[in-house]
Amino acid sequence: MNKKIFVLSGDGIGPEVIAQAEKVIKAIDETYNHKFELANGLIGAASIDATGEPLTDEVIAKCKSSDAVLLGAIGDPKYDNDPTKKVRPEQGLLKLRKALALYSNIRPINTYDILKDVSPLKNEKLKGVDLVIYRELTGGIYFGEKQLSADGNTASDLCSYSKEEITRIAKLAFEAAKLRRKKLTLVDKANVLETSRLWRKVVQDMAKKYPEVTVEYMYVDNAAMQMVINPASFDVVLTENMFGDIISDLASVLTGSLGMLPSSSIGKKVGMFEPCHGSYPQAAGKDIANPMATILSVAMMYDYFELHKEAKAIRDAVNWALTERVVTEDINKGNPSPCSTVGDLIAYHIEEKGDVQLNKKYMKDSKNCII
Ligand code: IPM
Ligand code: MN
């Protein structure tokens, strides 16, 4: 298969984790005879530094004419503590989500046996955890009108949703639930917010068309608690933009590390694939960031192209690296492997179709640790 992938590495650890994902794409190309053409552009603080804008029209056009976008991370501390800055890195990501109409952000939360001691939750709580968050991505408070009064003392962000915006993502979530454990939880704040009441109404109406799916309605504050005390009770979680942002970071704790969480964003035409984590500026340039979330996002990209064998080869390679403890310091503080080694060995595992043995003495050096 031939595909055009537009790569936006972004800021902080973005370029490092993306470099590992590119190794994986090359390994899949070679092993399964595909031709995925990679081109690069700027977004976020990197783009502001070069062009004055967090995302240029030229880059948007290139994304639109590709088959998929692969994104690293966005954000730079020099903007975080200066609320007066008008141009901000995150605006680039929001603009891109809107431009590509990426209304559905899908964040699967898996647990890995080998990581259960990394999670701060008790092991018994993690048994059977397997959920996926469907987060609405182009509406709600993120995109509503923003105002700051002339005297600078009052500010507002409008949260608005239309029936159509809710329907299109709810449909994807119901379809996913049908193929999974047939349970859907709508997370909202319908006891307070008008938008949440509209979500409930739309989802209640749609539920009639999916009699095999059990629908549960949960306020977001309760959902945050349930996610910690009873995470295995969730299957498909459907929610609006900001609640989805918050509960997906919370849910990452179940896996053990935010560095393990991939995502795909589906829209009208071009899909976008990105890790859920941020730009982790403290780690930038140190070769210590966990590239697995980005690599697993690449697996989601192959699934999106219906190349399921390739997606599985990537997941198998990640599972193998976890089992062999070829992992970064967020998972194994005592004896971490560098980000680049994790990428090298996952790519190597794919090329060798799983037939790899390691000399553990050299775990920090990918060249010497392959037997
Ligand atoms: C995410 C991030 C973004 C969001 C930021 C970087 C704008 O936190 O993808 O979860 O809030 O959506
Ligand atoms: Mn977030």
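Here is a quick tour of this protein model, from its overall build down to a few single residues.

This is a predicted model, where local features need pLDDT of at least 70, side-chain atom pairs count only at pLDDT 80 or more, and totals for chains, interfaces and linings use all residues. Residues are numbered from 1 along each chain as its sequence is written, chains are lettered from A and ligands numbered from 1 in the order in which they are written, and side-chain values use heavy atoms, with hydrogens and water left out.

**Overall build**

- You'll find 14 helices and 12 strands in the protein; these are DSSP runs numbered from the N terminus, with helices being H or I of at least four residues and strands E of at least two.
- With a radius of gyration of 21 Å, close to the 21 Å that the globule rule gives for 371 residues, the protein is as compact as a globular protein of that length. That radius is taken over C-alpha atoms, and the rule is 2.2 Å times the number of residues to the power 0.38.
- The C-alpha trace spans about 60 × 50 × 40 Å along its principal axes.
- Of the 371 residues, 53% count as buried, and here buried means under 20% relative accessible area, exposed over 50%, and partly exposed in between (1.4 Å probe, protein chains only).
- Among contacts (heavy atoms within 4.5 Å) between residues at least 6 apart in sequence, 75% join residues at least 24 apart.

**Nonpolar cores**

- A nonpolar core is a set of buried Ala, Val, Leu, Ile, Met, Phe, Trp, Tyr and Cys residues joined through side-chain atoms within 4.5 Å.
- The largest one has 69 residues, and Leu 238, Met 301, Tyr 302 and Ile 346 have the most contacts inside it.
- Domain 1 (1–110 + 258–371) and domain 2 (119–255) each give this core at least three residues; the domain bounds come from an automatic or database domain assignment.
- Setting aside neighbours within four places in sequence, Met 301 touches Ile 5, Ile 25, Phe 36, Ala 68 and Phe 273.
- There's also a second, separate core of 19 residues, which includes Ile 109, Leu 121, Val 187 and Met 218.

**Aromatic rings**

- Rings of Phe, Tyr and Trp (its six-membered ring) pair if their centres lie within 6.5 Å; planes under 30 degrees apart count as stacked, over 60 as edge-to-face and the rest as tilted.
- That gives 6 aromatic pairs. One of them is Tyr 161 with Trp 199, edge-to-face at 5.2 Å centre to centre and 85 degrees between the planes.
- The partners sit 38 residues apart, with Tyr 161 in the loop between β7 (155–157) and α7 (163–179) and Trp 199 in helix α8 (residues 194–207). Tyr 161 is buried at 8%, and Trp 199 is buried too, at 2%.
- Tyr 304 and Phe 305 make a tilted pair, with ring centres 5.4 Å apart and planes at 55 degrees. Tyr 304 is partly exposed at 28%, while Phe 305 is buried at 10%.
- Ring pairs join Phe 36, Phe 273, Tyr 302, Tyr 304 and Phe 305 into a cluster.

**Lysines worth a look**

- A charge sits over a ring if NZ of Lys or CZ of Arg is within 6 Å of the ring centre and within 35 degrees of the ring normal. Lys 98 does this with Phe 143, at 4.7 Å from the ring centre.
- Lys 353 lies over the face of Tyr 32, at 5.2 Å from the ring centre. Lys 353 is in the loop between α13 (339–351) and α14 (366–369) and is exposed at 58%.
- Most residues other than glycine have a negative phi. Lys 353, though, has a positive phi near 50 degrees, and Lys 182 has a positive one near 65 degrees.
- Lys 182 lies in the loop between α7 and β8 (183–188), where it is partly exposed at 35%.
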